[in-house]
Amino acid sequence: MRACMVRAWKTGGAMNTSRLIMAIRTTTTTTTPAPTLISFLTDVEGDGLYFDRFVQNSKVLEFKPRPPCFKADEYFPYSHELAFKEDGKLVYGGDVCDKGGQDLYVLRQLIKLKERHPTRVHLLLGNRDINKLRMIDELQPKPHKGVYWLRQRAPDRNDAPLETAKRLEWMLSNTMGSPNAFELRRNELTREKYANLNKVPVPFDANIEEISEEVGNVTDDEVAKSYIEVCSPSGLMGKYFDGAKFVVRLGGAVFMHGALPIAGDAMGCFVLPWLRDSQGNIETCDNLMEWMKQLDQFRERQLCGWKDYSNMPSHNECWATCGGYANTTEAGKRFGDLMQYGMATLPDRSKSFSCVYNSWMDDGLPRDDLFGDSSTKAQLSSLFDHEGVQLIATGHQPIGDFPWPIRLGKNKYVLPCDTSFSGETMWTAYDGSSPRVNLGKGLSSSGRGDVAYCEPVIQLCPVSEKVEALMLHGVLSDGTSYDCLQEYDSNHESEILVGERLDVDFSESNGTKRSFWVKTKVNNKLLASCGKGFNVWNVMV
């Protein structure tokens, strides 16, 4: 029955993925368990508007009404909470905070759902999560000699102020890529201050100036206090860390924030960069499960050190000044290796081998060293086969307004899903026609805009736990809705392969040639994209 349903979809029938899910559920007998549906959400970065839009359109999640609570130990000043529609799972891909202005809201919603459903909610560590470990070290009342990654690249921005609030502003703007985060947190605290006084939830778009007139301004020191409390072991980030991992595997699907830290010349090696052998070489694992086990143990040890450090008196030096593994500062000895694992580069400016910061993309396109050469691509495909992996879904690097499938072979995909720059995606045309128009950022404080969203839903067989289907639904940056299905259990091969590079390069009116990759099929046309740096161009073919 299921195969017939999917053929109806692929041959242009009217059935969409929501009807597919319903049909499977309603035709399943009591002796056959329903498929497992996994929603993948990543890189929200504090954008509560996007978070709400994603949930309100989700096939797995929903909001349920609830009374707000203003008690200190149960504080939740909202009139709705995140919930599951039915049986399903959520994987959150990391990077909770920084750009959208509703950091505390997103954190509380995810943590509450994790507390209610600990086995169905899986949280991942992103670089923007791990860098919050630095707060407990660098916001102490001690001199700060700057951070190692700015010393040569931007020495003019490497002078850390002594006063706590000013130092926090400097850290967010100059060392964490979040220039607006300080003022956005002030606005969120202002809304909470009003909510606490009047015992009512306050919408995101409330007029901050009017609210401030009634409740008073939130001071710089109050913003700094909020960050210190939230980023402590007992704070919201501490609770997130307690439930988060580097890698999650659910059957044939694997999830991480970045990418496997592998290279074409060492395809079967899983790197453990914090460990060195007697000759000083980085240690490795030769299988995925052992690597995940080592990562879990590493994370637990380092977080224990972070919690211990929070109870220690102030120390003179910060880990970030020199950085590196085996750093000898007090913070470095306890949790510096974890902070380093979340960084892009080492102090010697060499690339970090990390599943948090590594990327499947390079300069806006799938990496040539992994996907540009047929033999290397075949090695990666063989690695998937050896480990029983069918799909790796990730976030971390923005890839436009739609995930970027990269096909390794039949039923094997890498799927980068960070659409946090949707509001900046550009459209072009290949045939001289007028290109579509991005509807822009709108009221969004982040780069997502007011319209675009995408929910990847992975369907697992309840018996074998193999991936049966990948469903992608949402709205593109020009307002076009889509509902796409990539079936796994089928002998059918489309003549146009999603996740492959198009054979032709398109020339724009100014003569610029661009190489595009097929992302999906939308309304009988192909959506293809090209990237350069963080810029992404879409074209409908």
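In the predicted model, the axes of helix α4 (residues 103-116) and helix α12 (residues 236-243) come within 10 Å and cross at roughly 40°. The two helices are therefore oblique to one another, and their crossing is left-handed. On the α4 side, the residues that take part are Leu104, Leu107, Arg108, Ile111 and Lys114. These meet Leu236, Met237, Lys239, Tyr240 and Gly243 of α12.

Helix α9 contributes Asn187, Thr190, Arg191, Lys193, Tyr194, Leu197 and Asn198 to the contact, and α10 contributes Ile208, Ile211, Ser212, Glu214 and Val215. The loop between α9 (181-198) and α10 (208-215) contains Lys199. The phi angle of Lys199 is near 55°, a positive value in a residue other than glycine. Most residues other than glycine have a negative phi.

A positive phi is also found at Glu45, where the angle is near 50°. Glu45 belongs to the loop between β1 (36-41) and α3 (48-56). Its relative accessible area is 6%, and Glu45 is therefore classed as buried, the cut-off being under 20%.

Helix α3, at the end of that loop, is mostly covered, with 7 of its 9 residues buried. The buried positions are Gly48, Tyr50, Phe51, Asp52, Arg53, Phe54 and Val55. Among the elements that cover them are the strands β1, β2 (61-65), β3 (80-84) and β17 (453-460), together with helix α4. The N-terminal end of α3 is capped by Asp47, a side-chain oxygen of which lies 3.2 Å from the backbone nitrogen of Leu49.

Phe51 of α3 also has a place in the largest nonpolar core, which comprises 111 residues. Phe51, Phe246, Trp291, Tyr341 and Trp360 are the residues with the most contacts inside this core. Helix α13 (residues 288-309) supplies the largest share of the core, 8 residues. In soluble globular proteins, nonpolar side chains tend to be buried together. When neighbours within four places in sequence are left aside, Trp291 is in contact with Val247, Met256, Leu260, Pro261, Phe270, Val271, Leu272, Cys285, Tyr341 and Cys355. A second, separate core has 28 residues, including Phe40, Ile458, Tyr482 and Tyr488.

The surroundings of His396 were also examined. His396 is located in the loop between β13 (391-394) and β14 (406-409). With a relative accessible area of 13%, His396 falls under the 20% cut-off and is therefore buried. The side chain of His396 makes a polar contact of 3.2 Å with the side chain of Asn127. Residues up to four places away in sequence not being counted, His396 touches Asp43, Asn127, His257, Gly258, Val356, Tyr357, Asn358, Ser359 and Asp418.

Definitions and conventions
Residues are numbered from 1 along each chain as its sequence is written. This is a predicted model: local features need pLDDT of at least 70, side-chain atom pairs count only at pLDDT 80 or more; totals for chains, interfaces and linings use all residues. Side-chain values use heavy atoms; hydrogens and water are left out. A nonpolar core is a set of buried Ala, Val, Leu, Ile, Met, Phe, Trp, Tyr and Cys residues joined through side-chain atoms within 4.5 Å. Buried means under 20% relative accessible area, exposed over 50%, partly exposed in between (1.4 Å probe, protein chains only). Helices (H or I, at least four residues) and strands (E, at least two) are DSSP runs, numbered from the N terminus. Contact means heavy atoms within 4.5 Å. A polar contact is a pair of N or O atoms within 3.5 Å; within protein, one must be able to donate a hydrogen and the other to accept it, and residues adjacent in sequence count only if both atoms are side-chain atoms. Axes are lines fitted to C-alpha atoms, for helices over the stretch in contact, and angles run from 0 to 180 degrees between N-to-C directions. Angles under 35 degrees count as roughly parallel, over 145 as roughly antiparallel, 65 to 115 as roughly perpendicular and the rest as oblique. A crossing is left-handed if the near helix is turned anticlockwise from the far one by less than a right angle, and right-handed if clockwise.
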